[in-house]
Every structure is written in C-alpha cells, then in structure tokens.
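Please look over the sequence and the structure shown here before reading on. The paragraphs below go through the model part by part.

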Amino acid sequence: MTIKEVVKLLDAKVVSGEALLESEVEYAFASDLMSDVLTVEMDNVMLITGLANLQAIRTAEMSDIGKIIFVRKKRATDEMIRLAAENDIILIECDYSLFKTSGILFQNGLKPVY
Amino acid sequence: MHFEFNVEGGNFSKAGTASSQLKKILKQLNVDPRIVKRVVVALYEAEVNIVAHAFSGTIYIDIDTEKIEIKLVDEGPGIPDIELAMQQGYSTASPEVREMGFGAGMGLPNMKNNTDRLLVTSEVGKGTTVEMTTYLNS
C-alpha cells in the first residue's frame, strides 16, 4: 500500500515527508508504549500511535520506522516535524481513533507485525 | 574510535540525542544495519533511563573492528535490587516518564535482548553504571 492510499483511506493529512507519498508500506504496529515499539524487528513498518511527542519520533528513528500516523486528533509540533524531516520520517495526522485507524488499514491489506 | 556524550537528567526534549549521533556514526562506518539497530535501540533505552531516573550521566563509546563497547555512568538514586529491575514489567518510573511512552519495565530487558553482553552495577544513593558490548560479526 502506498502512503497516498493510506492518507486517502484515513482522510488524513501529511505534515512531513510530502515528497514520499508514493513510497510503499507493508506492515503496521499500533502502540502508545515506545518500549514496545523498540522491540519490533521487521522492516517497512508504519507506527500508529496516539503519543505525539519527540520520543515517538526518536523511537521511530532508532527502530528504522519511516512512517508514523498520529491518531485521535493529536498534532505534531514544529520540533517534531523538524526532527522527522531530518530523518526522512513521514508524519501523518489522523482524526480517527487508534482502533478505527488500525481496522481500516488492516481491512485494506496492511499486515500486522505478529 | 572514542566518543563521549553528556546526558541531562529530566530533560526529555534531548533524550535520544546521543543515540541518534551514534546511529549516524555507525552508518558512516558502514556497519550492518541490523547491528546498528540493535546497538541504538539498546543505547536509546539506556539513555532514556538516565533522563528518567538520574540527575546526570555520561556515555562513553568505544568502537573497534570487532565490537562496540558502550558504558553509561550516571549520578542518581541507584538501583536497590538489580535482579528485580531486570524483570520485565517492573518499573519505578514517574507518571511523567510514562507519559513519554516509557516506564513499563521493558527498558533493561530490551537492552539485554539487543546486546551480546550487558552488565549493570549500582550503588544506592550514588548512581548506576551500565556496560553493553555488541560484536560486529555476531
């Protein structure tokens, strides 16, 4: 699935990495606990989280996760957007709940990491 | 190669800076991306621990052709029972730390899983030292 399709399915907004809309994503992991995210070993994973702070970006950076969706109307700050841009991380803001977001993406073929 | 980084206790906006810098260094050195990920995940957890629990700390990193050795020395409350702290799910983290997405008692187990050798020593009221070794050909 491309990021463009993800954004369309979720009626979401890309706030960082607009140039990477055609990139593909295969897996998703939903969590607000960053230590859990740090255990994910797979590649090409998208993080779905309601934790909108710098640590979410840092965690993605360390885990080689290049795409983050912030759910529940959480917004990325300028500092988060700057850090994401430095690390080529795509940031997406979505008004849906974590459950609804995950459900839509799962239904449309995004795979779970386990 | 030797590198040193200072870590400020309580400053969450800077947590991860050292791990980020090490990641850039290892990538420049063409280290296997799987090993880079293991090393920086372990270091990031340890760095967040200093920010979350200690007053200040220093990270010492030594890289040679065989291994990456990291030593984190902090000044802080120390860990009274290291065996208990190593158990998954045990945590003494503050609500503030939990709001940051940590403090679920997974930091030390995550460090152990991502290193070839982990040694934690501590003195209550003084501080904690974490030593991590990762072999480049493992």
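Which residue forms a salt bridge with B:Lys23? The partner is A:Asp64, and the closest N and O atoms of the two residues are 2.6 Å apart. The model is a predicted one, and this is the one salt bridge that the rule finds across the interface of chain B and chain A.

The rest of that interface can be described next. The size of an interface is often given as the accessible area lost when the parts come together. Between chain B and chain A, about 1800 Å² is buried, and carbon and sulfur atoms give 51% of this area. On the side of chain B, the residues that lose the most area to chain A are B:Lys23, B:Lys37 and B:Tyr44, which together make up 30% of what that side buries.

The contact involves 21 residues from chain A and 23 residues from chain B. Between the two chains, 12 residue pairs are in polar contact, with both residues at pLDDT 80 or more. Three helices of chain B, α1 (17-28), α2 (33-53) and α5 (107-113), each give two or more residues to the side that touches chain A. The largest share of that side comes from α2(B), with six residues. By kind, the side of chain B that touches chain A holds 10 nonpolar, eight polar and five charged residues.

On the chain A side, one residue can be followed in detail. A:Asn53 is located in the loop between β3 (45-49) and α3 (54-62) of chain A. Its relative accessibility is 14%, so A:Asn53 counts as buried. A polar atom of the A:Asn53 side chain lies 3.0 Å from the backbone nitrogen of A:Gln55. Apart from neighbours within four places in sequence, A:Asn53 is in contact with A:Met80 and, in chain B, with B:Glu99 and B:Met100.

Chain A also contains an open sheet of six strands with mixed pairing, in the order β1-β5-β4-β3-β2-β6. Its edge strands, β1 (13-16) and β6 (111-112), each pair on one side only. β6(A) pairs with strand β2 (residues 27-30) of chain A in the parallel sense, over two bridges. In this pairing A:Ala28 has A:Pro112 of β6(A) as its bridge partner.

Now to the strands of chain B. Is strand β5 (residues 127-135) of chain B largely enclosed or open? Seven of its nine residues are buried, so β5(B) is largely enclosed by the rest of the structure. Strand β3 (residues 67-75) of chain B runs antiparallel to β5(B) and is joined to it by seven bridges; B:Ile68 stands opposite B:Thr134 in β5(B). β5(B) also pairs with strand β4 (residues 117-123) of chain B, again antiparallel and over seven bridges, and here B:Leu118 has B:Met132 as its bridge partner. β4(B) and β5(B) form a hairpin with three residues between them, and B:Gly125 in the turn has a positive phi of about 85 degrees.

Helix α5 of chain B contains B:Met111, which counts as buried because its relative accessibility is 0%. Beyond residues up to four places away in sequence, B:Met111 touches several residues, including B:Ala42, B:Leu118 and B:Met132.

Note on methods: Residues numbered from 1 in each chain as written. Chains lettered and ligands numbered in written order. Predicted model: local features only at pLDDT ≥ 70, side-chain atom pairs only at ≥ 80, totals over all residues. Heavy atoms only, no water. Contact = heavy atoms within 4.5 Å. Buried area = accessible area lost by both parts, 1.4 Å probe. Salt bridge = Lys/Arg side-chain N within 4 Å of Asp/Glu carboxyl O. Polar contact = N/O pair within 3.5 Å; in protein donor to acceptor, adjacent residues only side chain to side chain. Helix = DSSP H or I, 4+ residues; strand = E, 2+ residues; numbered from the N terminus. Nonpolar A, V, L, I, M, F, W, Y, C, P; charged D, E, K, R; others polar. Buried < 20%, exposed > 50% of the residue type's maximum accessible area, 1.4 Å probe, protein only. Pairing = 2+ DSSP bridges.
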